[in-house]
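Hi everyone, thanks for coming. Let me put the model up on the screen, and then we'll walk through it together.

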Amino acid sequence: YPPISTHLTKHKIEYYPGWHVKKIGTPDLVVVGNIAGSNNPELKYVLEKNIPHVSYPELIAQNLVRENSIVCAGTYGKTTTTALLAWIFKESGLSPAYMFGGLANSLELSADDLGGEYSIVEGDEYKTSRDDMRAKFFSYKPTHLLLTAVRWDHADVYPTEQSYLEAFEKLVQLIPPTGFTVACIDDNNVKNIIQKSKTPVVTYGKQKSNYIYEDISQTKSGLTFTIENVGEVFEISSSMLGDYMAENICGAFVMAKEIGIEPDKIISAIANFDGIKRRLEKRGATISGTDVYDDIAHSPIKAKSVLATLKNIYSGKIFAIFEPNTGNRQAESLPDYDHQFADATEVIIPRLTKVKTPGSIEGEELANIISKTHSNVKYFDVDEELINYLKHAAKINDAIVFMGSHSFRGMIESLMKI
């Protein structure tokens, strides 16, 4: 679904939805996604025919990762920091190899090899493959680590908070003496995790850090702030929105500067970076003048950050349409919903995408859970009814934001039609 489907079409890459053995053909190599179970018909065919196959992390490790391997990891912020770092390195003439799990407006491709000595890779903590439960970031052998934040996520892979934290503890211990870690100590878990590091750690945050970001000001057109380091003050401007984007930008700035890129080049690249699709991406407006945003925030804590940003910018109502990812539909994650949607005037839960994971809650149940700490939550089983409601309820100076990892079945496009 968009924006990935349109991106593939633009680059003349053939694809098909679903699993169809007859459409596989005779590939030289098959990349097996981590959701392909043992009964998946395409996987069974690949194994029966002994077709060469790898996991996606293995593919990246074999083809993109360099001896100087920068990995951006954390519960959130890793896609933005990876893409921004790749852009900074590219604009500074360092020609990186890079990969991130999204689409950047400034970079034509999400994965490329420009021939330089550095690789910059998004280090996802989700499982490597169906039979390898290790986090993907272990495949990338980092020499330099950018660690943004660590909040328990993916309960389907990490059944306890401790198991989740342990993955990141092991990650920081992988950094060799020739490298270093850049870490945001606004996050208490990160503070604890970097204590396990055996190599230098450079910190950033709102206070008591090697690099301090402050004086954040934002409007509907972007944000400005400053970064202070040992008495030097750097003025930053960006078209991206959100206090948390200031945090992400600061992390990328610190990594680039500590690598040795001149601050003026970094600041210029940041100013010219147009952001990531589905990261508070403004998609347009309704006929009544309500701005419509799209964001990949698929967990309560990520939704909270998005809503806080919009509340700070808009004087009217904030309508939040939310669909969680699979892990945040499990019983273990349900307490995390309390008070996370406070900045939304209304929370709307659509019919949730069907998943095969046992015990996953459905939309009406999720609405009831959020209703325990929010007074205005609605559930719509029919997409057309949801769209019609928003068209009549939302006015100028209000904002509508769709948050989740799915496509919302064309609802965003329908909402903006006359």
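Strand β10, helix α6 (residues 188-193) and strand β11 (residues 201-205) make a right-handed β-α-β unit. Right-handed here is a matter of viewing: with the strands pointing away from you, the path from the first strand over the helix to the second runs clockwise. Helices are DSSP runs of H or I with at least four residues, strands are runs of E with at least two, and both are numbered from the N terminus.

A quick word on the ground rules. This is a predicted model, in which local features need pLDDT of at least 70 and side-chain atom pairs count only at pLDDT 80 or more, while totals for chains, interfaces and linings use all residues. Residues are numbered from 1 along each chain as its sequence is written, and side-chain values use heavy atoms, with hydrogens and water left out.

Back to β10, then. The strands β10 and β11 pair in the parallel sense over 4 bridges, where pairing asks for at least two DSSP bridges between two strands. Across that pairing, C184 stands opposite Y204 in β11. On the other partner, strand β9 (residues 144-147) also pairs with β10 in the parallel sense, again over 4 bridges. Here F180 is the bridge partner of H144, and V182 is the bridge partner of L146. With helix α5 (residues 161-172) between them, β9 and β10 make another right-handed β-α-β unit.

So, is β10 buried or exposed? It is mostly covered, with 5 of its 5 residues, at 180-184, buried; buried means under 20% relative accessible area, exposed over 50%, and partly exposed in between, using a 1.4 Å probe and protein chains only. F180, V182 and C184 point one way, T181 and A183 the other way, and all are buried.

We have an open sheet of 10 strands with mixed pairing, in the order β5-β4-β6-β3-β9-β10-β11-β12-β13-β14. The edges are β5 (111-113) and β14 (232-238), each with a single partner strand, so one side of each is left without a neighbour in the sheet. On average, neighbouring strands are turned by 15° against each other, direction ignored.

Which strands does helix α4 touch? Helix α4 (residues 78-91) packs on the sheet and touches β3 (68-73), β4, β6 (118-123) and β9, and its direction makes about 165° with that of β6. Contact here means heavy atoms within 4.5 Å; the axes are lines fitted to C-alpha atoms, for helices over the stretch in contact, and angles run from 0 to 180 degrees between N-to-C directions. Helix α5 packs on the sheet too, touching β3 and β9, with its direction at about 145° to that of β9.

Now for the aromatics. Rings of Phe, Tyr and Trp (its six-membered ring) pair if their centres lie within 6.5 Å; planes under 30 degrees apart count as stacked, over 60 as edge-to-face and the rest as tilted. By this rule the count comes to 14 aromatic pairs. One of them is Y158 with Y164, edge-to-face at 5.1 Å centre to centre and 85° between the planes. Both Y158 and Y164 are buried. These two also belong to one aromatic cluster with F137, F138 and F168.

Another pair is F234 with F253, which is tilted, at 5.2 Å centre to centre and 50° between the planes. F234 lies in β14 and F253 in helix α7 (residues 243-259), so the pair ties together parts that are 19 residues apart in sequence. F234 counts as buried at 6% relative accessibility, and F253 counts as buried at 0%.
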